[in-house]
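Good morning, and thank you for coming.

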Amino acid sequence: MLNKQLLLTALAPAIWGTTYLVTTEFLPPDRPLLAAVIRALPAGLLLVALTRRLPKGDWWWRSLVLGTLNIGAFLALLFVAAYRLPGGVAATLGALQPLLVAGLSTGLLGERLTRRTVLAGVAGVAGVSLLVLQSSARLDAIGVAAAAGGAVVMATGVVLSKRWTSPAPLLATTGWQLVAGGLVLVPVALAVEGAPPASLSGANLAGYAYLALIGAAFAYALWFRGIRALSATQVTFLGLLSPVVATLLGWLALGQRLTPWQLLGAAIVLAAVVTAGRRPLGRTGADNYQPLTTAHRATDAEMV
């Protein structure tokens, strides 16, 4: 039976699965890096303003490292992969992330790598490939390197987020990372895409507001909350839900065709997620799975 914390954390990748629909239907075309900046930086500044907390000591550089890995570098590499590869190839390479997190967790967190984890990870990659990969997909060396690099930096960010537990409130540390990631992306966006558009429509503004408030401030808070409460491996498997949600929304809202192979892929992905999250995946079983502490519960109340 899935834990309530796991189900709550699953909302984050489910929300991220709506990004494609929002981007294509509401945002200006060919501006993915601008969308990434607006998604991260204003949301981070808002959370920092609400919590009125700044990093102290080591958390200045740790916030920069985590923000770069989890947001800045990841989104920049995702942008390169999206432009040089079909979406299905990029998503399939991104599905390697749970296996990477499982491997890194053995060395950095002392978690035990089980056969169940490996089989669930392989099944997740297979399911995502059935869901989004097309036979006409072409490969590009730079695009493949960017997609693989994105999976590596995000996996590293997840594991380090688990290893480095911040004493500050959850929303504050989330804000620090969003600000750091957004600042890393600003010069990249200006160099690649140039200055922002001179005017934006109401639909554009609504789309950006959704990405910042729901897709970043709310979703990342849930994601980092899950990393605090669950094992890194459990959390990262939930990321496989994003292509499932994106595919289903494409079918429901955009009229895209859904094939039997895609349905099979979605079923395999869901089975992999359930298998990985059914019980703790750590070095000592249930002892490694700890509920939120009293301090964390108080912090989470701030999210409501």
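Among the elements of the chain, helix α10 has the highest mean pLDDT, 96, whereas helix α15, residues 294-301, has the lowest, 34. This is a predicted model, and its chain averages a pLDDT of 87, with 89% of the residues scoring at least 70. Over residues 281-304, however, pLDDT stays under 50; the model has 47 contacts beyond four places in sequence for this stretch. Where pLDDT is low, the predicted coordinates should not be read in detail.

Let us return to helix α10. This helix covers residues 170-193, 24 residues in total. From its first C-alpha to its last, α10 reaches 33 Å, close to the 34 Å expected at 1.5 Å a residue. Where does α10 bend? The bend, of about 30°, is at Leu185, and a proline, Pro187, follows within four residues. Just after α10 comes Gly194, with a positive phi of about 80°.

I now turn to the loops. Most residues other than glycine have a negative phi. Which value does phi take at Asp30? Phi of Asp30 is near 60°, a positive value in a residue other than glycine. Asp30 is placed in the loop between α3 (19-26) and α4 (32-51). Because its relative accessibility is 60%, Asp30 counts as exposed.

Arg52 is not a glycine either, yet its phi is positive, about 55°. Arg52 lies in the loop between α4 and α5 (59-84). With a relative accessible area of 76%, Arg52 is exposed.

Key: Residues numbered from 1 in each chain as written. Predicted model: local features only at pLDDT ≥ 70, side-chain atom pairs only at ≥ 80, totals over all residues. Heavy atoms only, no water. Helix = DSSP H or I, 4+ residues; strand = E, 2+ residues; numbered from the N terminus. Expected span 1.5 Å × (residues − 1). Bend = angle between axes of the 7 residues up to and from the residue. Buried < 20%, exposed > 50% of the residue type's maximum accessible area, 1.4 Å probe, protein only. pLDDT = per-residue confidence, 0-100. Contact = heavy atoms within 4.5 Å.
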